[in-house]
Amino acid sequence: MKKTITFFTILLAIVNIQAQEDINLLTYENTQDINFFNTIKSGAQVKEYVTTGKNSVKVGDTLILGTPTSEELNTRTYSGSYGNKARGGIAQSRSTSKKTYEFIQMGRPAGFGSIMSAMGGEAQNMADNSLKNTKVIVREIKTYHRGSKNKPLYVVMVLGEINDRAFGINKYLSVMDTELGIESGEILLKNRKMTRDEAIAKLKEAKELVEIDMMTKEKFDELKKELAPIINNNN
């Protein structure tokens with residue numbers, strides 16, 4: 001009986017520790033603030049993350065995979081042959097390339113697919129262009145230190161496919177750096193807020209349209225008023 005009580009006491013303590021590691025709201029500013037991040041353990045679960053652009057991502061949100069920003073080059077060497085006889089000393093190399101995501105990999109950060117790739121001596125299996133425009137669900141958001149506990153945090157999102165279908169051998173995708181994934185356009189957010197640079201570009205384009213009589217001055221003034229808070233960083 002005493003052993004049973006001790007076991008449940010330890011189990012309850014573990015549950016309480018894990019609960020304390022949950023973060024209801026994490027902001028980009030938090031991840032860079034040493035007074036905050038040195039109190040957080042790597043792997044802490046996050047319910048909502050607010051990016052540097054003030055966009056919110058929550059567990060359960062639907063996102064869209066954007067365009068891959070990297071390219072993977074594979075080179076294979078083949079021995080030349082006629083029938084079953086190899087032509088001694090003659091070989092040909094063939095290179096192929098495919099668009100891959102720089103920040104989105106197959107599987108969890110250390111999931112089954114990643115472990116199998118590592119055991120085979122392969123590089124991390126990054127998602128490729130075949131998944132472009134796929135709708136995904138945010139299943140988990142976790143935060144990790146960039147090294148020791150005194151280093152800033154970065155945020156990882158674990159994504160699942162709609163209707164819980166699997167991505168091949170991997171059931172999930174992992175966005176290994178949420179900020180860079182969003183900034184690069186590899187991850188598309190619903191209702192994403194316009195950045196300051198985008199607002200300026202849009203206003204410049206509108207001004208050019210006014211100059212060639214393709215937009216009225218009234219419409220331009222309305223747009224200018226709408227974009228002013230973003231450009232002045234008051235959003």
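Author: Helix 7 has 15 residues and reaches 19 Å from its first C-alpha to its last, close to the 21 Å expected at 1.5 Å a residue; the expected span is 1.5 Å times one less than the number of residues. Helices are DSSP runs of H or I with at least four residues, numbered from the N terminus. This is a predicted model, in which local features need pLDDT of at least 70, side-chain atom pairs count only at pLDDT 80 or more, and totals for chains, interfaces and linings use all residues. Residues are numbered from 1 along each chain as its sequence is written, and side-chain values use heavy atoms, with hydrogens and water left out.

Helix 7 bends by about 30° at Lys225, the bend being the angle between axes fitted to the seven residues ending there and the seven starting there. Phe220, Leu223, Leu227, Ile230 and Ile231 of helix 7 are buried, that is, under 20% relative accessible area, whereas exposed means over 50% and partly exposed lies in between (1.4 Å probe, protein chains only). Helix 6 is among the elements that cover these buried residues. After helix 7 comes Asn233, with a positive phi near 60°.

Helix 6 spans residues 196-211. Its buried residues are Ala199, Leu203 and Ala206. Seen down the axis of helix 6, they fall within an arc of 60°, so they line one face of the helix; the arc is that of the directions from the helix axis to the C-beta atoms. On the other side of helix 6, Asp197, Lys204, Glu208 and Glu211 are exposed.

Technical notes: Helices (H or I, at least four residues) and strands (E, at least two) are DSSP runs, numbered from the N terminus. Contact means heavy atoms within 4.5 Å.
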